[in-house]
Amino acid sequence: MITLGERLTIAQVAAVAAGAEVVLGEDARARMTANHADFVAMGSPDVLEMKEAWLTGPRAGEASPWERLVAFVRGHCAGVGAPLPVPAVRAMLACRAQVLAHGLSGCRPEAAEQLVAMLQAGVHPVVPSQGSVGAAGDLAPLAHAARVAFRLGGQAVRDGRLLDSDAAMEGLPEFRPEPKEALSVINGATLTVALAALACHQARGLLRTAEVGLAMSMEVVRANTGMVRFEVLQSRGHGGGVRVGRRLRELLSESTLASVDRRPDAFSIRCAPAVLGSAWDALSHIEEVVERELNGACDNPLVIARELVDGGNFHGAPVALAMDHLKTALTQVASIAERRIFRMTYGVLTGLPSFLVESTGLNSGFMLAQYTAASLVSECKGLSMPASVDAIPTGQHHEDHVSMGPIAARGALRICDALAEVLAIEILVAAQGLEFRMEEAPLAPRVEALRARVREVVPRWREDRVLHLDQQAVAAGVRAGRYED
Amino acid sequence: MAVTLDGQNLTLEHVVAVARGGEAVAVAAASYEEMRRSRAWVEDLAEGRRVGPGGEPLVVYGINTGFGSLARVHIPFEQVRELMRNLIRSHAAGIGPSVDADAARAMVLLRANALTRGASGCRPALVDLLVGLLNAGITPVIPSRGSCGSSGDLAPLSHLGLIVSHAVDDPDEETGSAWVDGELVSGREALARRGLVPLTLGPKEGLAINNGAQLTTAIAALAAYDAERLVLLAEVAAAMSIEALRGVTRAFHPAVHALRPYAGALACAANLRRLLDGSGLTDTVPGKVQDAYSLRCTPTVLGAARDTLAHTGSQIRVELNAVTDNPVICLDADEDDAFSAGLFHGEPVGIAADVMKIAVAELASLSERRLFRLTTGNLSARLPASLRRDDRPGVGLFGLQTTAAALVSENKSLAWPASVDSLPTCEDQEDHVAMSTTAARRAGEVVGNARAVIAIELLCAARALRYRLDAEPGVSLGRGTRAALDVLESGLRDDDEAVPSERVTEVLALMGEHTLIDAVEAAAGRLLRVGESP
């Protein structure tokens, strides 16, 4: 059970995305109640009327506050493209409830509880994945969710069935939002941070897997272990590199295939602590930013000391920049892994049979595995192109600089996907390479355990078979975290 | 009307008709003769009837050698069937979700068409089987990721190979997967349901299936078709916006464009004039001498997109009718009839797809700036802010401009060229690759995003024109823009609760069915297509 309104971590967001239960904390409820009382004491200003007047000027026709609210929410349902996957929608709902739980939005606890109730009942609104610039927050994606939460139409998936909002919301509390609550549910870069949290969670597992792939490859190429010596890495002083060295020394403990008296290796081996280490250093910075945002009041205006204060907390820039950084970091991890795959399949460079299979010629072995990895890495390079460097004026020049945060975060998740596949290929190819080396010397015990784990899902390659199936099997294991240790 | 394949006459329209419309496919009688001749050459070789000067068996790449860097290994003829089987299986190395059904079908069609030239040395039965898949409504599952586009789309095509070339008597054999009757089934099951019989591949037939950039070309061809039609829709949208903003049409005068005579700009200006002919809204603001760039420079920007798409389209049209195999068998060309060359390399289509992305991204970028003006009070010649309707609450179409901006921004990242990258593969034998499949997939995404931007402009412009008509009853619209407005207004559901997102979906449907362009042309006359000039 995850309590919203207390400190929220990346791992918890990933757990909610995967289906964990959530509750709104008692402290948060009290904060929200008190803050809402302040808002009422101020006369419950109709922020939607203010915002509408500001956006579009005075109008001739009269509208009731409720009519205005309905039109406001519906009018922001402007997303396009394929729907977000359910875990992303869950993460977004939880992160938005967390924002409200700060008790600075002038909302009743019921506003956050409505989102919590949807998570608990498994009501997952259909939210188009495209169309947000991440400032003033992820208005469109959140509006699609709010439309279902407020029973104003739209569709949701519940128990695997696509339903209209009324049917999907059956059994949940009736919640009739106040104007400030409608604005506060949709105003902030919350899809961005939700996707960012999922990307960070995946990235952490993938970097641990990359260390495992590196260790296996080092025994295949009979690497020189000087590069993972503590003194060497400490002398340069980057924390990530030191960390990679420590893990590699653990993974390669008792290795005889890799040792200090080998000749210096190619960069894809020797410089791996620098490359993987810099990705770790990047990730720890990025996680810090994302966790700050998970625990930040990403809303506007805020109700502070009985004043309605307009700020810019909804702008997605902090997370957008972090996601563009993550994309670059993960792409270089994929890139260096692919070069190791290239080496391991290149007979002249290893002294092992070309493409790691007997009777080459008749068999092509792992030839295409390296092509697949090369294609994936190249794809990552394109996806790494930063989104946050762009901004297009929107909202009649009121919203004249925007973050493009959700584009950056979606790009990061696409790169996580491709990186998982590249690492799967490295592990698959390395397992085969290790089996040739076992004839020369025993494997390090940890490496042997990893090789055996691969063999639980794919047999040794003796004659050509459908490579796709092997790649998919190991990739599924990588995504499930089976090759992190 | 069946599409008849002869390797030389396939058009983009044919590809779309078969890939999306389920059009029947046939093979030209003359092509069978060509295929039989080259097949006889291969079989003579494989059965030892073709020998070198010293009586030694001829060695031909991929027929009796390994593949890639393994060409150095000679394979005895008695192992050739095993070699072919291994080739398809080991090269079925794709990963990730399948490409869309239209791309998968287009890939099968293009591969069949390439083989009909008779340069690949396969049996006609292989082409018949590929055509059989199409006619029987069997859509192969082709993993979308993992191809470098050189040497061709080996992995994606090998997934097709699994379906058509498995053994009938081995129930455990992996046979790939396919959709048939809306169901996802094994390749074996798909063929069985339609009474098709898989082949056991003979010499050379593995490479005949998998060596060439047909997935690249399939995706690029569909994107090119959509992009060419999108240009017309963008011109209709531009004309509507220009009219709603009371634009100055002198910027489209033929005398102006004759001074900087790009064919695309001339065509775009001519189309705008045709669409706006008869408008009582344009050129009516006293003292306004010129408009902002997003209006005034429309022929320049869309013209550049037109010229670019004309070039990229012609590259893709060459590839639709190209042999992309290696080795190729050119009977009558030389004493030694088999040529190892590089026809499979995806670069021609990869570069075209990358450039197509830039052209289409710019088309959408310009559109976004026009619809920004439509929705921005001080820029819209007194249209209501955000095109809000005064008779009901709401923020108008404010949200859709943000959506358009997001799509345009996303296109900027996607436009990053894939083909500039290359990584050495296959023990440095295949040391420069195209990355064309990635380029084509991204082109498809860019075109999809741009379509949504144009849909948003059409929606905004229709709202704006309705406002003008209500404010000035009796004012005339252009012949083309009037017809477009009528289609849009009658095509949108009468539903006050519909949200902008749903409106975009409705407009996209009108764009996709050609309803809009057909109605505009019926009213205003034929518009110039990409590649045409006045």
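I count a residue as buried if 20 or more other C-beta atoms lie within 10 Å of its own, as exposed if 12 or fewer do, and as partly exposed in between, with C-beta atoms placed from the backbone. I am working on a predicted model, where local features need pLDDT of at least 70, side-chain atom pairs count only at pLDDT 80 or more, and totals for chains, interfaces and linings use all residues. I number residues from 1 along each chain as its sequence is written, and I letter chains from A, with ligands numbered from 1, in the order in which they are written.

**Chain A, overall**

I looked up burial first: buried residues make up 61% of the 485 residues in chain A. I then listed the secondary structure, taking helices (H or I, at least four residues) and strands (E, at least two) as DSSP runs numbered from the N terminus. Chain A has 20 helices and nine strands. Its C-alpha atoms fill a box of roughly 85 × 50 × 40 Å along the principal axes. For contacts I require that the C-beta atoms of two residues, placed from the backbone, lie within 7 Å. Of the contacts in chain A with a separation of 6 or more, 81% are between residues 24 or more positions apart.

**Helix H9 of chain A**

I checked helix H9 (residues 179-186) of chain A and found eight of its eight residues buried, so the helix is largely enclosed by the rest of the structure. The buried set of H9(A) includes A:Lys180 and A:Glu181 as well as A:Leu183, A:Val185 and A:Ile186. Among the elements that cover the buried residues of H9(A) I noted helix H2 (26-41), helix H5 (86-100) and helix H7 (139-149) of chain A.

**Chain A against chain B**

I looked up the interface next: 74 residues of chain A are in contact with 73 residues of chain B. Elements that each supply at least two residues of the chain A side include strand S5 (128-130), helix H15 (317-344), helix H17 (367-383) and helix H18 (405-437) of chain A. H17(A) gives the largest share of that side, 14 residues. For classes I count Ala, Val, Leu, Ile, Met, Phe, Trp, Tyr, Cys and Pro as nonpolar, Asp, Glu, Lys and Arg as charged, and the others, Gly among them, as polar. The side of chain A that touches chain B has 31 nonpolar, 30 polar and 13 charged residues.

**Chain B, overall and by domain**

I find 19 helices and nine strands in chain B. The C-alpha trace of chain B spans about 90 × 50 × 40 Å along its principal axes, and buried residues make up 61% of its 534 residues.

The domain bounds come from an automatic or database domain assignment. Chain B is divided into domain 1 (3-212) and domain 2 (218-322 + 352-524). The C-alpha centres of domain 1 and domain 2 of chain B lie 39 Å apart. Their contact takes 25 residues from domain 1 of chain B and 21 residues from domain 2 of chain B. On the domain 1 side, helix H1 (12-19) and helix H4 (101-115) of chain B give two or more residues, and H4(B) gives the most, with seven. By class, that side has 12 nonpolar, 11 polar and two charged residues.

**B:Arg441**

I located B:Arg441 in helix H16 (residues 436-471) of chain B. B:Arg441 is buried, with 25 other C-beta atoms within 10 Å. Leaving aside neighbours within four places in sequence, B:Arg441 is in contact with B:Ser144 and B:Ile219. I also noted 7.5 Å between the C-alpha atoms of B:Arg441 and B:Ala220, which are 221 residues apart along the chain.
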